[in-house]
Amino acid sequence: MHNRQSLLNRITNPKYIMVYATIGIFLIVYAFGAFMYSDKGFLTIRTFANLFIDNAYYGISAVGMTMVLITGGIDLSVGAVASLTGMFIAYGTTVLGLHPMTCILASLVMGVGLGLLMGWVIHYLNVPAFITTLTGMFFARGVCSLISRESIDIHHPFIDALAGWKIYLMKYANGQWVRIRPIAFINFNVILFVIMIIIGTFILQRTRFGRNIYAIGGNEQSASLMGLPSGRTKILVYGFNGLCSVLAGVSYALYVKSGWNLSLQGGELEVITCAVIGGTLLTGGVGSMIGTLFGVLLKSVIPALITFNGNLLSWWGKIATGLLLLLFICIQRFVVTSAGKRK
Amino acid sequence: MKVSRLMQSKVTWAVIAEALILIVCFIIRPDFFSISYQPSTGMLYGSLIDIVNRSAEITIISMGMTLVIALGGTDLSVGALVAVAGAISLKFLRWDVLTYNTPGDYTVYPYVLVIFVPLIVCALMGLFNGFLVAKGGMQPIIATLILMVCGRGVAQILTDGKQFTTGYSPFRVIGQGSFMYLPMPIIITIIVVVAVALFTRKTAFGAFVESVGVNPSASRLSGIKADTVILIVFMITGLLSGIAGLIYSSRIMSNDSNNAGLNFEMDAILAVVIGGTNMAGGKFSLAGTVVGSLIIRTIVTFVYYFGIVSEATMAFKALIIAVVIVLQSEPVREYFAKRARKKEGVSHA
């Protein structure tokens, strides 16, 4: 049925209205910034690249979170797991003298294991996802503090090389490639973020596993009655989200080059906010990676605007994010009710 | 029969867990249960008093949270409202730090405003949450996420991002004073718990909340104004967060918009769930919630006794809570129910 739809029909599918709203509002906010602060260089490619560089860790985590939210669940442990990853890397390299890759591998085992365990508890013991992952968050945060209560700097050639590695954006002028001015670059974190978005899109759109995720989020009971493996899918989704949290933690460790037991506190809600602004419904069944990508960009452009303004307290950023959330939820309500009427 | 029914009740498990933790505390420190009287402050001292005293904020908030969860929702904004209440009260106490530059035993605006404006503002913010849920038809977790994100920003902007301190003695009474030999927060907690219990159990309101939590449309058809119930419940939760905020800021005699009420929403939700109220909505137990809140605080005290750093208590809290939650989970309770039935079958035969 779907492949018979004309392109126009497919584009105007109400399913995508939220994504368009996110992209549209991002463009409006960006245009506003360009209009107000073009003299300070808001419109440069550097500013745009910085949106990615400064928020890559939120974006990477948001990929997994989007999937969890589409299944109708929630994961509050992501900030703490990412922070624990940072602690593993910092403590492992600086205090124990291990190679960072060993620490990252240990973190992966920890993060994915915790995710799978939480998924198992949620599905088989029927404990609400909110409570299970909250306990996971307390646990990870507590272990962070057990490792160290002080911030540990990371000094390791491997980490320095990875964090310092950057691709300069070039342009072709006068017969040769030159760096664009003002200098703009992308780093490892940005590439990781983009790769994760692509993987996430592929899983959601092109695999049976992805379709199961949507089906479970739409109605878990009917999905199970249709014979879809709802337990396995849910457990794997939480495991994948654990993977994303660890990668986000690696990316954050590269960004700040230290591990701190209280870093990324409240990060889970920032990530959920990104996903919701990107059109993911917390009731499950609706959401997309491209929406989440723009959700991350939209949420990160606000602090950028406040920095460019220079006079506002950074707290206005929180208020603006809250208002944005309110706006999006209202749009979602409107879309859902109008879609309901059309039926 | 009676025992098996008790074993199936979630509240029983909560009480057993609390008793076990207390017994372990007693074994480690035999003076754990001793309570002494300090004539200079007119207050009783002791670990038990301290646990109840320190759990006051969470107990008060979780009274409202119990009702919200019984409706089938969650309120994430309570921690932010604690910060807002503290910021407003300190703003009225000091108003302009440049003019009144030394903290002392004075208040710039009347004490009535210091107390009631934060409470009214928090109640209104709760009402805003309720409005989004009841009239906007939003999921409670999302609707309250808005104020959770904004709330601390509002608190910071109210005080220009500054931290005020005060020495006003009537304000100190709320968090550090005493009444009838007990610390004031305990007295306030008792009043709040009794008031909420009377309001829900002696009027039909509690039944309305449970009914809306189980099936909103059915209760609407049976003549319950579901919207009004939701509005009142969220307003109560906002108001109670305001009271907790006053206690918190009176304990530190300052406003701390970054840390005041941090993770309170999580602790309150845990207290409610440990206390046996189902997150899907429906039946609720206020007594269970009080026990749940005490468990959370007892764990913290318990871990202090082992001399473990305070931030790491979270890991132990998580482990103990995980055990309680697993014991309370449906499959485990069913297992116990099955065993109980089997035993009964044997005895009948």
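Which residues does B:Val84 touch, not counting residues up to four places away in sequence? They are B:Val121, B:Cys122, B:Met125, B:Gly151, B:Val154, B:Ala155 and B:Gly245, where two residues are in contact if their C-beta atoms, placed from the backbone, lie within 7 Å.

This is a predicted model, in which local features need pLDDT of at least 70 and side-chain atom pairs count only at pLDDT 80 or more, while totals for chains, interfaces and linings use all residues. Residues are numbered from 1 along each chain as its sequence is written, and chains are lettered from A in the order in which they are written.

B:Val84 is also one of the residues that touch the most other members of the largest nonpolar core, together with A:Leu325, B:Val233 and B:Ile243, in a set of 197 residues. A nonpolar core is a set of buried Ala, Val, Leu, Ile, Met, Phe, Trp, Tyr and Cys residues joined through C-beta atoms within 7 Å, and a residue is buried if 20 or more other C-beta atoms, placed from the backbone, lie within 10 Å of its own. Helix H12 (residues 226-252) of chain B provides the largest share of this core, 15 residues; helices are DSSP runs of H or I with at least four residues, numbered from the N terminus.

Chain B is divided into two domains, whose bounds come from an automatic or database domain assignment, and the core draws at least three residues from each of them.

| Domain of chain B | Residues |
|---|---|
| Domain 1 | 44-307 |
| Domain 2 | 315-349 |

The C-alpha centres of these domains lie 33 Å apart, and five residues of domain 1 are in contact with five residues of domain 2. On the domain 1 side, H14(B) gives the most, with three residues.

Between the chains, 38 residues of chain B are in contact with 33 residues of chain A. H7(B) gives the most to the side of chain B that touches chain A, with 12 residues, and the residues of that side divide into 25 nonpolar, nine polar and four charged. Here Ala, Val, Leu, Ile, Met, Phe, Trp, Tyr, Cys and Pro count as nonpolar, Asp, Glu, Lys and Arg as charged, and the others, Gly among them, as polar.

In chain A, helix H4 (residues 78-95) has 15 of its 18 residues buried, so it is largely enclosed by the rest of the structure. At 1.5 Å a residue, H4(A) should span 26 Å, and its end C-alpha atoms are 25 Å apart, which agrees; the expected span is 1.5 Å times one less than the number of residues. Just after H4(A), A:Gly97 takes a positive phi of about 75°.

Conventions. Helix = DSSP H or I, 4+ residues; strand = E, 2+ residues; numbered from the N terminus. Buried ≥ 20, exposed ≤ 12 C-beta atoms within 10 Å, placed from the backbone.
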